[in-house]
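Hi,

Here is the model I promised to pass on.

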Amino acid sequence: MTDDQAVDHLQKLLGTVRDGETGFQEAAEHAEAASLKTLFQGRSAQRAKLATELETKISELGGQPRERGSVGAALHRTWLNVRDAVTGRDDYAVVAEAERGEDVAVGNYQETLDEGDLPADLRSFVQSQYDQIKSSHDEIRDLKHRMEADKK
């Protein structure tokens with residue numbers, strides 16, 4: 001894999017975490033429960049940190065981090081759904097949309113990790129970020145399931 005190809009993969013992940021940062025911030029602003037506000041603010045901050053790490057890695061490989069990445073329509077639509085969910089829906093709807101955004105983020109990281117010729121050091125870097133994204137996904141998924149059970 002060339003450095004340019006590696007940078008392309010990292011640019012996609014950069015767009016992913018930036019979209020997540022924005023989506024979680026919007027969710028935090030509109031969530032009703034204080035615990036959800038705190039959770040979403042924390043996730044937004046986490047994504048900002050991951051973005052900074054990705055920007056550094058892209059620069060180390062000779063690339064120029066994009067100001068705003070183009071992750072693809074799926075993630076953008078998902079976070080638009082989060083925005084729409086927070087205007088007039090309950091906290092459960094916001095959590096459910098956040099989980100959908102996390103599904104896309106996990107998928108984007110898995111896609112990069114599935115790349116056969118990803119250099120070992122880069123694979124380790126991406127795996128470390130993936131582990132954080134996956135952990136966040138699982139926590140939000142579990143929260144959604146608890147909220148579902150409470151509704152019954």
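Predicted model: local features only at pLDDT ≥ 70, side-chain atom pairs only at ≥ 80, totals over all residues.

Residues are numbered from 1 along each chain as its sequence is written, and side-chain values use heavy atoms, with hydrogens and water left out.

Cores first. I took a nonpolar core to be a set of buried Ala, Val, Leu, Ile, Met, Phe, Trp, Tyr and Cys residues joined through side-chain atoms within 4.5 Å. Buried is under 20% relative accessible area, exposed is over 50%, and partly exposed is in between (1.4 Å probe, protein chains only). The largest core has 20 residues, and Leu 10, Val 17, Leu 54, Tyr 109, Val 126 and Ile 133 have the most contacts inside it. Helices H1 (3–30), H2, H4 and H5 each give two or more residues to this core, and H1 gives the most, with six. Helices here are DSSP runs (H or I, at least four residues), numbered from the N terminus.

Val 17 is worth a click: beyond its neighbours within four places in sequence, Val 17 is in contact (heavy atoms within 4.5 Å) with Arg 47, Leu 50, Ala 51, Leu 54, Tyr 109 and Ile 133. There is also a second, separate core of 15 residues, with Leu 39, Phe 40, Tyr 92 and Met 147 among them.

Ser 44 sits in helix H2 (residues 34–60) and counts as buried at 5% relative accessibility. Setting aside neighbours within four places in sequence, Ser 44 is in contact with Glu 21, Phe 24 and Gln 25.

Now the charges. Counting a side-chain nitrogen of Lys or Arg within 4 Å of a carboxyl oxygen of Asp or Glu as a salt bridge, I get 12 of them. One joins Arg 100 to Glu 97 at 2.8 Å, N to O; both are in helix H4 (residues 91–113), three residues apart, about one turn of the helix. Glu 97 is buried at 5%, whereas Arg 100 is partly exposed at 44%.

In helix H5 (residues 120–151), Asp 138 and Arg 141 are also three residues apart, and their closest N and O atoms are 3.2 Å apart in a salt bridge. Arg 141 is partly exposed at 26%. Arg 141 also forms a salt bridge with Asp 142, at 3.0 Å. Shared partners join Lys 134, Asp 138, Arg 141 and Asp 142 into one network of salt bridges.

Cheers
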